[in-house]
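Hello, and thanks for looking at this one with me. Please open the structure and keep the sequence beside you as you read.

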Amino acid sequence: MDFKYVPTTCPYCGTGCSFNLVVVDGKVVGTAPFQRSPVNEGRVCPKGSYAHEFVNAPDRLKTPMIKKDGKFVEASWDEALDLVAEKFAQYKGEQSSVICCARASNEDNYALQKFGRCVMQTPNIDHCARLCHASTVAGLAQIFGSGAMTNSVSDLADTNCAFIIGSNNFEAHPLAGRRLMQAKKKGAKIIVCDPRRTPTAKQAHLHIQHYSGTDIALLNGMMQYIIQNGWENKDFIEKRTVGYEEFKKNVMQEKYSLENVSKITGVPVDDIKTACQWIHEAEKTTAVYTLGITQHTVGVDNVRSVGFLQMLTGNMGKPGTGVNPLRGQNNVQGACDMGALPNVFPGYQKVTDEAAVKKFEDAWGCKMPAKIGLTIPEMLDTFADEPEKLKCLYLMGENPIISDPDIAHVDKALKNIEFLVVQDIFLTETAEYADVVLPAVCYAEKDGTQTNTERRVQRWRKAQDGPGESKYDWQIIAELAAKMGMGDKFPWANASEVFDEMAALTPQYCGMNYERIEKEGLQWPCPTCDHPGTKVLHCETFAGMPDGKSVFAPIEHRPPAEQTDADYPFILTTGATIWHWPSGTMTRRSESLNRDCPTGWIEINEEDAAEMGIETGDIVTAYSRRGEVDVPARKTPDIKKGVMFMPFHFWECRANWITNTPYDPVSKTPEYKACAINVKKK
Ligand code: SF4
C-alpha cells in the first residue's frame, strides 16, 4: 500500500487552516492534522475535517460537454474549445463578461482576469467578493488606503476586548473564533452585536441584539457616548487622522443620543454604555466583522463606521487591535488581489490609471479596455433587462442560481445569455444553464496558492490526479487563448510560472515565490525577496492615504431599502452554518456534513411563532415581493422578535427566492441581510 500525507490549505472559509490530505494508493481518503500552521495550530472545524469527502464524489465532471437540442453531450477538448473560441471571438469586447472564482487559486484567477482583459477585450470582470466583502474592499480603502484585514488571525488571541459585529464566527470562521475564545480565557471581554443569539453571541459577556440594518445608528451612538465621556484617544486622532471635527459634529447630534439609538436599534441604553465602558477600559480592542456589516445597501458606510470606532479609540496599528473583516471564501482575498474585479488590475492598480494600463499592456503585450466594467449584479441586471447589450459569460466555479439574491431575476438573466460557458468541478445548478461545460480539477488535484483573510499566501499541493479528462483551470484558460491565437501570452508550463508572472506585476506579492511560501506562507505586503511579510498593517502610517493619515467622515444612519409593513411584517436576515459552505456544491456532497445537517430551515422568534400557531418542524411558506419558498420552521428564543433567519446553502429551500436585489451604491454588494417577508403555515 502506498501511503502519504500531502500538506494543503482548506478549500472552505477565509481563515485558511492547513491540514494534511491522506493519500492511499494515489487516492485522497482523509484529512489529518498539520501542526505547523500559525493559523490553526493543527485544528480544523467540521468542514475541514471532511474536506476530502467530495473530492472523489461519483458525479465529478470528467469530460467537456456541449448542449445540443437542450441536452448535454460529451465532447472532446478540441471540439469544446473550438466552439468556445469561435463564439468568444464573435462577442469580443463589451458584449462579453467574465466571472472569476473565490474558491479557485490565485493562479487560476490571475489567468482568467488576464484572459478577460487581453483575449476577450472586456472590462466586465468580477467575482463573488461582490456579494460579500466588496464593501470591505471599498470601505477600508477609503479610510485606511488598503481594503484588507489589518491584523492577523493569531493576534485575535492577544486582545483585551473583542468587539464583534455582524459575525457569527463560531460557525462561519470557527478557527478564527477559537482565537477569540483564547483571548476570553486570558480575561478579554467579548461583545457580540447581532440580531440573532448565535452560537458566537452565546460565548459573549455582552450580547447587543440590535435590529438588522441599524449598525450605523448603534456605532454613532457608541461613539457619541465615548466622546461625551472623554474616552476618545486624542493623541491618535491628532497625529494619525484627518476630518475629526466634521465627524464629531455628526455623531454628537441629538438623534444619536443613546435614548434615540435605543429606539432605532431596540437595544437597552445600559448595554450600549457597558460596551463603551469595556472598550475604554481595555488596553487593546479588536473589531471583528463579517457579512452582517457588509451585505447592506449601506455596507461601505457600515465598514467605515467600524473603522471610525477603532480610530476614535486609537485601536489601530498594534497586535490585538485593528479592523478585522473575516473574509468569506477560502481565496476571496486572493481573487481580489489578482484583479478579478472590474476596476483594478492585480495588486489594486486602477484600470483608470494611465500608468497602470501601460504597465500591464507592456507586460502582457496587448491593448486593453481601460475602463471600469460591470459588477456581477450589473451583469445580471443587463442580461435580464437589456440582453442586446451583454450576450456572453465565461463563468468559473460560481453558482449564482443559488447564491445571488432574487432567484427569479437570476433565472431570467441566465436564460437570456446567448452563450454561457461554465468551468467547474461538478455540474452545478448554474451549469445546467450553460452551452458548454468545461471540467476542472479541485484543490486536492493541483498545485497553487490561496490567500487567507489575514493576507497569508499559502500553498495547495497536488495529492491525486483529477478525474477523467479534467484539467487545471489556468491550463484550460491558456489552451483557450491558444485557440484564439494568443497562446504566446499564456506560456506557462506549471502553476509556479503563473505565480512568478503575477508576483512580478503585483507590488504586494513581489517578494514571494513558491520556495519562500513553502512552509508557513507569507503575509502581504511582501515587497522584496528578503521581506518577512506583514502581520499588522498601518503601524506607523496609513501608507495608501494622502499624508499617511486615516480619514474620518460624517455618516448618517439610513434604513434598509425595504421596510416592513402590514403585508410583510418581518425582517429576514440570512447567513451560514457550521456544516455547509455557500451554495453547497462541495459540502452537500460530503456524506458526513449532509448527515449532520441535511436541509435548511427558517428561524422564527418563539413569540412570533406562537402568535401564528407555528411549531418547530412545521413546513411554512416564507414569501416576499420577489417570490416564495417552502421551508421547515424552527421556533427559538434566540432571534429577536420581528426578525427571521434562513441559511443560504440549500437548493431545495433557497433563501434567495425571497431576498432583495438593491445594493450598496459604491460596492454594489446586495442587501442580503435585511428584507421584508411574511410566513404562513402550509
Ligand atoms: Fe476550513 Fe475555515 Fe474550518 Fe478552518 S475554520 S477548517 S479554513 S472551514
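The points below visit a sheet, a loop residue and a pair of helices.

1. Before anything else, please remember that this is a predicted model. Residues are counted from 1 along the chain as its sequence is written, so you can find each place by its number.

2. Let us begin with the sheet. It is an open one of three strands, with the order β1-β2-β3 and antiparallel pairing. Strands β1 (3–9) and β3 sit at the edges, each pairing on one side only. On average, neighbouring strands of this sheet are turned by 35° against each other, direction ignored.

3. Now look at how β2 and β3 are joined. Strand β2 covers residues 18–24 and strand β3 covers residues 27–33; the two run antiparallel, with six bridges between them. To see one of these pairings for yourself, find Val24, whose bridge partner in β3 is Lys27. The hairpin has two residues between its strands, and here Asp25 takes a positive phi near 50°.

4. Next, please find Leu131, in the loop between β7 (125–126) and α4 (134–144). Is Leu131 buried or exposed? A residue counts as buried if 20 or more other C-beta atoms lie within 10 Å of its own. Leu131 has 29 C-beta neighbours inside 10 Å, and therefore it counts as buried.

5. Which residues does Leu131 touch, leaving aside those up to four places away in sequence? They are Ile376, Ser403, Asp404, Thr669 and Pro670. Try the distance to Lys668 as well: Leu131 and Lys668 are 537 residues apart in sequence, yet their C-alpha atoms are 8.0 Å apart in space.

6. Finally, turn to helix α17 (residues 376–385) and helix α19 (residues 407–416). Their axes come within 7 Å and cross at roughly 70°. Angles from 65 to 115 degrees count as roughly perpendicular, and α17 and α19 are therefore described as roughly perpendicular to each other. The crossing of α17 past α19 is left-handed.

7. What meets what where these helices touch? From α17 come Leu380, Phe383 and Ala384, and they meet His409, Val410, Lys412, Ala413 and Asn416 in α19. Sorted by type, the residues of this contact are five nonpolar, two polar and one charged.

Definitions and conventions. This is a predicted model: local features need pLDDT of at least 70, side-chain atom pairs count only at pLDDT 80 or more; totals for chains, interfaces and linings use all residues. Axes are lines fitted to C-alpha atoms, for helices over the stretch in contact, and angles run from 0 to 180 degrees between N-to-C directions. Helices (H or I, at least four residues) and strands (E, at least two) are DSSP runs, numbered from the N terminus. Angles under 35 degrees count as roughly parallel, over 145 as roughly antiparallel, 65 to 115 as roughly perpendicular and the rest as oblique. A crossing is left-handed if the near helix is turned anticlockwise from the far one by less than a right angle, and right-handed if clockwise. Two residues are in contact if their C-beta atoms, placed from the backbone, lie within 7 Å. Ala, Val, Leu, Ile, Met, Phe, Trp, Tyr, Cys and Pro count as nonpolar, Asp, Glu, Lys and Arg as charged, and the others, Gly among them, as polar. Two strands pair if DSSP finds at least two bridges between them. A residue is buried if 20 or more other C-beta atoms lie within 10 Å of its own, exposed if 12 or fewer, and partly exposed in between; C-beta atoms are placed from the backbone.
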